[in-house]
Amino acid sequence: MAEFYRKKKKVCQMCAGKSVDYKDVDTIKRYISNERGKILPRRITGACAKHQRHIANEIKKARFMALIPFTK
């Protein structure tokens, strides 16, 4: 017998009240992959579309300001 279950949908942290700023490097590093330094997709981060775009822009700002590297 195959038992099917639904995976619990991730809640967007920004909608819950937590913000991401390009100066907060520790928070931004959670949204970047370890191997290549790529921005993680929505299905992994659990962010909504609006806030995923915001996260991407903040990561790009932090890279430009040399707070985080472009690649590892």
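**Exercise 1. Classify Lys23 as buried or exposed, then find its salt-bridge partner.**

Step 1. Lys23 has a relative accessibility of 55%. The cut-off for exposed is over 50%, so Lys23 counts as exposed. This is a predicted model.

Step 2. Lys23 forms a salt bridge with Asp21. Their closest N and O atoms are 3.8 Å apart. The limit is 4 Å, so the pair qualifies.

Step 3. Check Asp21. Its relative accessibility is 31%, so Asp21 counts as partly exposed.

**Exercise 2. The structure holds 2 salt bridges. Describe the one formed by Glu58.**

Step 1. Glu58 pairs with Lys61. The closest N and O atoms are 3.2 Å apart.

Step 2. Glu58 and Lys61 lie in helix 3. They are 3 residues apart, about one turn of the helix.

Step 3. Compare accessibility. Glu58 is at 5%, so it counts as buried. Lys61 is at 41% and is partly exposed.

**Exercise 3. Which residues form the positive surface patch, and where is Lys50?**

Step 1. The patch is formed by Lys9, Arg42, Lys50 and Arg53.

Step 2. Lys50 sits in helix 3, which covers residues 49-64.

Step 3. Patch members need over 30% relative accessible area. Lys50 has 57% and is exposed.

**Exercise 4. Which residues form the nonpolar surface patch, and how exposed is Phe64?**

Step 1. Phe64, Met65 and Leu67 make up this patch. Together they have about 360 Å² of accessible area.

Step 2. Phe64 belongs to helix 3. Its relative accessible area is 71%, so Phe64 is exposed.

Terms used
Residues are numbered from 1 along each chain as its sequence is written. This is a predicted model: local features need pLDDT of at least 70, side-chain atom pairs count only at pLDDT 80 or more; totals for chains, interfaces and linings use all residues. Side-chain values use heavy atoms; hydrogens and water are left out. Patches are made of residues with over 30% relative accessible area and no salt bridge: like charges are joined within 9 Å, nonpolar side chains (Val, Leu, Ile, Met, Phe, Trp, Tyr) within 5 Å. Accessible areas come from the Shrake-Rupley method with a 1.4 Å probe; for residues, only the protein chains shown count as cover. A salt bridge is a side-chain nitrogen of Lys or Arg within 4 Å of a carboxyl oxygen of Asp or Glu. Lys and Arg count as positive and Asp and Glu as negative; His and the chain ends are not counted. The place of a charge is taken as NZ of Lys, CZ of Arg, CG of Asp or CD of Glu. Helices (H or I, at least four residues) and strands (E, at least two) are DSSP runs, numbered from the N terminus. Buried means under 20% relative accessible area, exposed over 50%, partly exposed in between (1.4 Å probe, protein chains only).
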